[in-house]
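Subject: Handing over a two-chain structure, with notes

Dear colleague,

I am passing on to you the structure we spoke of, and below it I have set down what was found in it. Please read the notes with the structure open beside them.

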Amino acid sequence: MERLLANRKYIIIGFFILVGALFLVRLFYVQILVDKYILSANNNVLRYMTQYPARGLVFDRFGKLLVYNEAAYDLMVVPRQVKNPDTSALCQLIGITTVEFRKRLERAKQYSPYRPSIFEAQITRENYGYLEEKLFLFPGFFVQLRTLRKYSFPVAAHTLGYIGEANPEVIAKNPYYKSGDYIGISGIEKSYEEILRGKKGMKIRVFDVLNRDKGNFREGKYDTASVAGTDLHSSMDADLQIYGELLMTNKKGSIVAIEPSTGEILCIVSSPSYDPNLLVGNIRKKNYALLLSDTIYNPLFNRALMASYPPGSTFKLVDALIGQQEGVITPDTRYGCPGGFSIGNGKMVACHPHPSPLDLAGAIQISCNTYFCRVFKSIIDNKSYVNTRTAFENWRKNILSFGFGKKLGIDIPNELNGNIPTANFYDKYHGKNRWRSMTIISLGIGQGEIGITPIQLANLAAIISNKGWFYTPHIIRAIGKNDSLNQAFMTKRHVNVDPSYFDVVIEGMSLVVTAGTARGAKIDSIVVCGKTGTAQNPHGKNHSVFIAFAPRENPKIAISVVCENAGFGSTWAAPIASLMIEKYLKRKVTRKDVEERMINGNLINGKLPESESGKRDISQD
Amino acid sequence: MRAEKGIFHKIDWVLVGLYLALVITGWLNIYAAVYDESHRSIFDFSQKYGKQLFFILAALILALGILIIDPKFFSQFSYFIYGFFVLALVVVIFSGREISGSKGWFAIGGFGVQPAEFAKMATVLALAKFLSSLDVDIRKGKDLLTASAIIFIPALIVLLQHDTGSAIVFFALIIVLYRAGLSGYVFLALIALPVLGVLALVVPKIILAGALLTLTLLLLLFIKRRLKNILTLGAVFLVTVGFIFSVDYSVNHILEKHQRDRIHVLLGQDIDLKGTGYNVNQSLIAIGSGKFFGKGFLQGTQTKYNFVPEQSTDFIFCTIGEEQGFLGAGLMVALYTLLFIRLVLAAERQRSKFARFYGYGVASILFFHFTINIGMTLGLLPVIGIPLPFVSYGGSSLWAFTILLFIFIRQDSFRYQLV
């Protein structure tokens, strides 16, 4: 019996071994087979702190700071580490309701229970002071230093653009961006995002169970340093931009100025605009909604790049150049003007009274509609081409070489094509072979289906001043250092017109200012070459258009001005352009009376100053 | 009878070696668990590791003291010792201090002493004494009742102190009763039922029932296929299956909420990792993050930054798992298993019944502590706060376990002299 009982030691020992083995299997499972515990362990103690690099600065062409950064503080939350916080106290500190608090916590939890996400963005410095003192009471919360984008001047909002948190679609597409990261959303902030943003770094710190910082993980062995963003040197002249926006006060329209020799944009004014600082930080959402809802002023609409106008008489310059190139006119070609150009059926394109007949330069000077209708007719009816369609296609190809009808490809987002109608379009509209030069004659005076953006117009002025070539306009002249020029814009683009045909056009433009339709644009001691235009507007009063360059020799600035609903080109657009030219070339404006009249003119409510309204009844441009 | 040849004569050095290995491992891991940059010295007596060193030294002195005492003293005075500690258990309920929900502490000169720890040793002595008495046969109902009373009286008093963990440990002594002749079926049932109960909650009941059926049919192949055996087997099968299906109901309708919570946490069916499941989850994270080789001594992050609660006492195994990895933790399990086997083998070689049953008692108590503690840290058993023998921080438990073990070592060294 006793021996039998002694054998029970084997059962007991077996039992001990069984339990030991069970533990070993469990240990093997927990420690070797599954990875979730080591991940949880790291999430417990390691806090991955993104090191946000300083975003690149933006300077103007004279080294003035346009865009910079200011310190701001983000309150971050790690939902899993939040432990019965005194909700009301924290709510009070950041000024939210407890309902909002729970909502945000839930949202953060949905993003990730153990990864930090932004709870309250961009806390002011004073609030940060309070918060930091109390923060240890709220496990799961910590503060991260961020920078706010700041704009030195309340101008150029469309060009500079703004930054905002990357949205979920961006995050899904581009692994660089994480929730809460900032990304350029418009303007050069968007187009130069990858240059401006720099490279994020990562610091890994160890935190204990009470959310206390215990220092670097493994002495910072796995940390990566952030790389600051690269600075941009804009070709913008901040003074000119400010001045242009001042002149466009209470006017809808745009001013684009380009340095012809380089294609560098000196200013882009789109009016009405807004202060770019409105779209910074946590006020951005509210202000953006306000700006977006303003359907009367449409301040978010960048007219300089996106509005497409019939160029009106400014297009006659292109007729003059292509007419010569096609051999249908010479500078000496004279046409008589019987007060208009008859297009059959008793209809005619009216012209205003002027001496007749005129040569090419004179026709530009006076802006004779008859003359350029005939030039355009000669181009389209040119016997060198088999038919109207072929001649038109050829004309269109030449027009496109001026950068019309297609995006120029500038370095600001959202540029639009404008519109140069195609032969197919007319085929559809009138029927195949059912349209002739007379059908589309309004193109000759820049009316009808043609649409050109203000930047394309300014570029036209640059092309003429350069006698046949241009660089793609761009706003960023150098990246990083002031002398490391933007390599994307170093290719000269030539138009399909021989340089020799430009002299007479330039002469005509010079006469426009000295003795033609734009005498208001005259500046003493600077030879300004310009051309007025009136863009037909089926919705209301016509748009006032003016393009110009100056000085005539060795031109420094080419400009286009569009004033919506302002009537003739000579009344508003031309004086504004001349003031801009004077400002840029002389750095100060002496014609204070003109300046004052332009600044005070309110064209937005459709009211014109008394002296300007209803004076002339026949188009003088 | 030969005269004594010094206190280390015929000492089982394997047991002593295993004991020292565990104690030192414990001390180093307490150091790692509460390591603090501002108190780098492992001899800093203001810290737990410094205090533990003191406890260890005191424990060694106690061990030496026991090796001096005549081994016959323990068998002769076992009932007296038992009575003394049962009395202490009663007294402590009324006059003791309360530490972490348990009332069973005496404050002696700044240190807390828990009579329950020593009561285990006293109970093992009394049980061994009773079982080794002439005419005692555990298969007799009267003797089984007496033995059960010896075990369960102190267990009950400890339970009254709200120290469930220590109370459960007394059940370990069923192993001694088994060795003394308790029916194997009773023993098996006592072990199998909790295991089946847990399985019933984890594994789909149909699969479990299928597995039991397969097992029953397999057994049928090996037993003598007599009608009585087949009927018994069938009855056992039916009872177990019925048990399986009743567990779910019991858990959901009979248990208190907090008890149910602990069971759900254990089974991984509780996602509330902030509340009831926090300890176990953090414990698993710490151990699991150790991987094969561990993070290295003092390199643990979970334990060092206090994510694991009670990490120097009940959850000390986490520190080992995290810093020493599977290698260290596995070695630890192996070390304990070796200790238990050695104890059983040493108990078996005793000529004195008292010494043999006492040895089994020591093995059983240590084994239960080990099983419940490590089972808890590995998420296999509910959270029951009892220390890991020789390793957990604390003087009271270390001294009690040391006395428990060294009384046996002393008996063992006299195995040729006592009959």
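The domain bounds used here come from an automatic or database domain assignment, and for chain B this assignment gives domain 1, made up of 13–182 + 282–413, and domain 2, which covers 189–254. Please keep in mind throughout that this is a predicted model.

Chain B

Between domain 1 of chain B and domain 2 of chain B, the C-alpha centres are separated by 33 Å. The secondary structure of chain B consists of 16 helices and three strands, and of the 419 residues in this chain, 54% are buried. If one takes the contacts in chain B between residues at least 6 apart in sequence, 69% of them join residues that are at least 24 apart. The accessible surface of chain B is about 18400 Å², and carbon and sulfur atoms account for 70% of that surface. Chain B also holds a network of salt bridges, in which B:Asp12, B:Arg342, B:Arg349, B:Asp412 and B:Arg415 are linked.

Sheets of chain A

Strands of a sheet pair through backbone hydrogen bonds, and this pairing can be parallel or antiparallel. In chain A, five strands make up an open sheet with antiparallel pairing, and their order is 12-11-20-19-18. Strand 12 (264–271) and strand 18 (529–535) of chain A each have a single partner strand, so one side of each is left without a neighbour in the sheet. On average, and with direction ignored, neighbouring strands of this sheet are turned by 10 degrees against each other. Within the sheet, strand 11 (residues 253–259) of chain A pairs with strand 12 of chain A in the antiparallel sense over seven bridges, and A:Ile255 is found opposite A:Val269 of strand 12. Helix 11 of chain A lies across strand 11, strand 12 and strand 20 (557–563) of chain A, and it runs at about 25 degrees to strand 12.

Another open sheet of chain A has three strands in the order 1-8-9, again with antiparallel pairing. Its edge strands are strand 1 (46–51) and strand 9 (213–216) of chain A, each of which pairs on one side only. Here neighbouring strands are turned by 35 degrees against each other on average, direction ignored. Strand 8 (residues 201–207) of chain A is joined to strand 9 of chain A by two bridges, the two strands running antiparallel, and A:Arg205 has A:Asn216 in strand 9 as its bridge partner.

There is also a hairpin in chain A, formed by strand 13 and strand 14 with two residues between them, and A:Asn345 in the turn has a positive phi of about 55 degrees. Strand 13 (residues 340–344) and strand 14 (residues 347–350) of chain A pair in the antiparallel sense over four bridges, with A:Met348 of strand 14 as the bridge partner of A:Ser342.

Salt bridges

Side chains of opposite charge can pair when their charged atoms come close.

In one of them, A:Glu189 forms a salt bridge with A:Arg55, the closest N and O atoms being 2.9 Å apart. This pair links distant parts of the chain, with A:Glu189 in helix 9 (residues 187–191) of chain A and A:Arg55 in the loop between strand 1 and strand 2 (58–59) of chain A, 134 residues apart. Both A:Glu189 and A:Arg55 are buried.

A:Asp237 and A:Arg587 also meet through their side chains in a salt bridge, at 2.7 Å from N to O. A:Asp237 lies in the loop between strand 10 (232–234) and helix 11 (238–247) of chain A, whereas A:Arg587 lies in the loop between helix 21 (573–586) and helix 22 (592–600) of chain A, 350 residues apart. Why does A:Asp237 count as buried? Its relative accessibility is 1%, and buried means under 20%. A:Arg587, at 34% relative accessibility, counts as partly exposed.

The remaining pair is A:Asp427 with A:Arg389, whose closest N and O atoms are 2.1 Å apart. A:Asp427 belongs to helix 18 (residues 423–430) and A:Arg389 to helix 17 (residues 388–400) of chain A, 38 residues apart. At 12% relative accessibility A:Asp427 counts as buried, while A:Arg389, at 26%, counts as partly exposed.

Key: Residues numbered from 1 in each chain as written. Chains lettered and ligands numbered in written order. Predicted model: local features only at pLDDT ≥ 70, side-chain atom pairs only at ≥ 80, totals over all residues. Heavy atoms only, no water. Pairing = 2+ DSSP bridges. Axes fitted to C-alpha atoms, helices over the stretch in contact; angles between N-to-C directions. Salt bridge = Lys/Arg side-chain N within 4 Å of Asp/Glu carboxyl O. Buried < 20%, exposed > 50% of the residue type's maximum accessible area, 1.4 Å probe, protein only. Contact = heavy atoms within 4.5 Å. Areas by Shrake-Rupley, 256 points an atom, 1.4 Å probe, with all protein chains shown as cover.
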